[in-house]
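Subject: Handover of a structure

Dear colleague,

Please find below the structure that I am passing on to you. My notes on it follow directly after the display.

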Amino acid sequence: MDLLIINLLNGVCFSTILFLFAMGLSITLGIMGILNLAHGALFMLGAFIGLTVSSSGGNFWLAAIAGGVVAGIIGLVIELVFLRRLYKQLDDQVLLTLGLVYIIENIALWFYGGSVRVVQPPAFLDFPIAIGGFTFPVYRLMIIAIGVIAFIVLWWLIDKTRVGAIVRAGMDDKEMTIGLGVNYGLTCSIVFTVGAFAGGFAGLIATPVIGVVFNMSMSILLYALIVVVVGGPGSVVGTLVGSLVIGITDAFGKAYFPSFAMFTMYVVLIAMLLAKPSGILGRKIWED
Amino acid sequence: MGGLNLRSVPRLQLVLSKFVPFIVIGVIFIVLPFIAPPYLQSMLTKVLIYALFAMSLNLIWGYTGLMSLGHAAYFGVGSYITSILIIRYGMDSFWLIILCAIVATAILASIFGIIALRVSGLYFLLVTLALGQLIYFFSLAWRQMTGGNSGIFGVPYPDLGITGISWNATYFYFMVLVILGICSYVMYRILQSPFGQALVGIRENKRRMRALGYNTWLYSYIAFIIAGVFAGIAGVLFSYFLKGTTIAQSGLTTSTIALLIVIIGSTRVFWGPIVGTIIVVLLEYFVSIYLPARWPMILGAIFIISVMFLRGGIGVNLLRLWGRVSYWYGSVKG
Amino acid sequence: MEALKVDGLSKDFGGVHAVRDVSFSVEAGEHLAIIGPNGAGKTTLFNLLSGQLPPTAGRVYLFGQEITNMSAHHRAHLGIARSFQLTTLFLNLTVLDNILLALQGTQPSRFQMFRSATAYKHLFTKAQELLDSMDLWEKKDDPVHAVSYGEQRKLEIALSLASEPKLLLLDEPSTGLTTAESADITSMIRNLGSDITVIIVAHDMDLVFGVAERIIVLHYGEIIAEGTPEEISTDSRVKEIYMGVEEATGNAQSS
């Protein structure tokens, strides 16, 4: 029973990381119809930048924010310089963002080397608590708490504010939204940047749990893609649901069937794509 | 450069421009092992094998318009089957092995095709990606057969059932060249046929094709399977080349390199992937000498340049150049 | 002999009733026009007839055979052909290639994988005939995106004639064409004679009255009037719909 709770907590912890990271992907996919495969590289980059800040004496949270900011800036640059021109050209988006992944990963390798690095969580959270016969790092509980806060904030932002309304309207009908006088381009850039920030932030706070290494971009991205497809793109609640499903499945999978855990993940993705491509709670995104 | 080459009466120039690229490429490939330094020999064989792999991808992507992010699945399966049959089951005959690989990849592609073709656009990309990853992680997990992360090694030169061949790299190169030639010929015939023209039609306007009476799903499905089989054949050759199989052969990197090769070479031209392979493999080779750690960065830069600037690819631009040259030649002569 | 019978056909898009309980029949060789204001459901009806959309309710019969849920490509083989309102051509391919693809669609050779497409000479002959009849033969090697809009619309119709259909559905064939070009289309359709059953959706009243033997008027997805051109042009309900629409847009009705 205790082991069950431990695995569950690990799963929810990972779900939180996925949620923060996948939100960016979900919104850009839902609002702009853009598939940004470089999102995973932003996660990795945020973690590494945070690592640098942290090891030069910076506070943990400062490091997380720094990671987020750098990821946000780079995300903005990517959107403005490249992705803007490739609206609705899915094949090109895939190829271009793949290229960015290769470049960013190689730069990370250049500056940080090839081994997995870890950042220590903030001192006051760096202790285990006892759960039944096992110990569990308190820091991971903190991550879950951050996730809850983030969910509330994001849900409020998207569902309750004007900006959120614009974003949702843009998802349904881009031309109409522009026609209503909304600066759609600016909104897109803001949304993209915020998503990238969240990704980079998530990258740093995840390092005490999963570490950071230069070639993690695609694996974490693929997790996020599965989350977005399962939960439904463009929906905060959907991304939450997807993250929980994937995070918990992954934790239990890795605990009980380690070699086949990833395999199962992809079976879930395929099943979802075939049964209900728009996800559990998603809006339908354009298809050809 | 539309794609269809239906002409009522071929004029000499058109016939020449159709066949010249093949002649040129053929001559280059035949002559190359004799003029290239020995350390480049194995790289040349790699070019041939990857060219076949890339052409199979072009069949489904360039001609039918379906970009697959998991094409390496068939390459990997073809390669694994070869290594496993030889090393774990002691099979010898090259012909039997390639037959097994063809059957296996055909079955795999027919299953995967049904799954993938249920969706389109973005979802097709994700499904093909997921299917490719499925094979990758499955291979990784089935350690007893595949050797997992370490791979499986010990494949000798092919047993063609002909006595008295003392194999070396050059003979192997020519064997691969012959197989590439045969496969290319078959693919070419398929693409020039009414079936192949229909694939182009599907790429250009699926809706219209359906209204005209074409069962577009069936065409895409058959093309998917054919592409998978040829990728599998390339995988078989690669196993003999590498003397084994590693997990990388079914990985995302292999799928994406194929994508890069095809866009650089030109999706709209039959021999485009061959040109693309030469460029990419050559580039990889030289980068590995001078800047080995920076190859991914250069690869990424090429992706970005190809998408942003190199519209159409090199093959198409070569054809335009040829068009201008022969026009100039014609006007000078006349 | 009934070429087409439509019985209680409906199409519902999650609350929007594009087509409501439509029933009518068309005799073989008849030329029927379907008219109605924008949004009346005409194109949706065509999509239901040609198989691009499955109906929510109702049935469709082609020469007595039920085709209600048949796929578009299957219907093409039963003799239905269709032209689209928005030009649906192979823009990057040449005019000739477009026609050849169209001609091949109903040929058994379309699955042939080993003979070159150029070996099918009879298709080239037919292509020439078809393009000649539309004055498009000179442009045969031009990519479609480079020919004029009027020529594209003619090609659009040519493609639908390629399969020698028994039932031809023409969706707004003369939209965007000049008066002269429209007149060409009108006489072309009339010349099809009673060999082909033609249903045409149009806004251009000159075309409609020049071609139709019978007219059906659609409004909000329902048939509100049906009859000969004379009957329709004097029908008060029809006038009300069109006059109402015309007054709102400030145009004068032409006939």
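Helices and strands are here DSSP runs numbered from the N terminus, where a helix (H or I) has at least four residues and a strand (E) at least two. Please keep in mind throughout that this is a predicted model.

Chain A

On that basis, chain A has 11 helices and 2 strands. Following the sequence, these elements come in the pattern α-α-α-α-β-β-α-α-α-α-α-α-α. The C-alpha trace of chain A spans about 60 × 45 × 35 Å along its principal axes. Of the 288 residues in chain A, 54% are buried. Among the contacts in chain A with a separation of 6 or more, 78% join residues 24 or more positions apart.

A:Ile49 lies in helix 2 (residues 39-55) of chain A. Is A:Ile49 buried or exposed? A residue is buried if 20 or more other C-beta atoms lie within 10 Å of its own; A:Ile49 has 23 such neighbours and therefore counts as buried. Leaving aside residues up to four places away in sequence, A:Ile49 touches A:Ala66, A:Gly67 and A:Val70. A:Ile220 stands 171 residues from A:Ile49 along the chain, and the C-alpha atoms of the two are separated by 17 Å.

Chain B

The secondary structure of chain B consists of 14 helices and 2 strands. For its 334 residues, a compact globule would have a radius of gyration near 20 Å, and the value for chain B, 20 Å, agrees with this. Along the principal axes, the C-alpha trace of chain B extends over about 65 × 50 × 45 Å. Buried residues account for 51% of the 334 residues in chain B. Of the contacts in chain B with a separation of 6 or more, 78% are between residues 24 or more positions apart.

The contact between chains A and B

This contact takes 33 residues from chain A and 31 residues from chain B. On the side of chain A that touches chain B, at least two residues each come from helix 4, helix 9 (217-231) and helix 11 (261-275) of chain A. Helix 4 of chain A gives the most, with 15 residues. By type, the residues on this side of chain A are 25 nonpolar, 3 polar and 5 charged.

The contact between chains B and C

Here 25 residues come from chain B and 33 residues from chain C. On the side of chain B that touches chain C, the elements giving two or more residues are helix 7 (169-192), helix 8 (194-204) and helix 9 (206-211) of chain B. The largest share, 6 residues, belongs to helix 8 of chain B. This side of chain B divides into 9 nonpolar, 10 polar and 6 charged residues.

The sheet of chain C

In chain C, 6 strands form an open sheet with mixed pairing, in the order 6-7-8-3-9-10. Strand 6 (80-83) and strand 10 (222-227) of chain C each have a single partner strand and stand at the edges, so one side of each has no neighbour in the sheet. On average, and with direction ignored, neighbouring strands of this sheet are turned by 15° against each other. Strand 3 (residues 31-35) and strand 9 (residues 214-219) of chain C run parallel and are joined by 4 bridges. In this pair, C:Leu32 stands opposite C:Arg214 of strand 9.

Two helices of chain C pack on the sheet. Helix 1 (residues 42-50) of chain C touches strand 3, strand 6, strand 7 (167-171), strand 8 (197-201) and strand 9 of chain C, and its direction makes about 150° with that of strand 7. Helix 5 (residues 149-161) of chain C touches strand 6 and strand 7 of chain C, and its direction makes about 170° with that of strand 6.

With kind regards

Methods. Residues are numbered from 1 along each chain as its sequence is written. Chains are lettered from A and ligands numbered from 1 in the order in which they are written. This is a predicted model: local features need pLDDT of at least 70, side-chain atom pairs count only at pLDDT 80 or more; totals for chains, interfaces and linings use all residues. Two residues are in contact if their C-beta atoms, placed from the backbone, lie within 7 Å. Ala, Val, Leu, Ile, Met, Phe, Trp, Tyr, Cys and Pro count as nonpolar, Asp, Glu, Lys and Arg as charged, and the others, Gly among them, as polar. The radius of gyration is taken over C-alpha atoms; the globule rule is 2.2 Å times the number of residues to the power 0.38. A residue is buried if 20 or more other C-beta atoms lie within 10 Å of its own, exposed if 12 or fewer, and partly exposed in between; C-beta atoms are placed from the backbone. Two strands pair if DSSP finds at least two bridges between them. Axes are lines fitted to C-alpha atoms, for helices over the stretch in contact, and angles run from 0 to 180 degrees between N-to-C directions.
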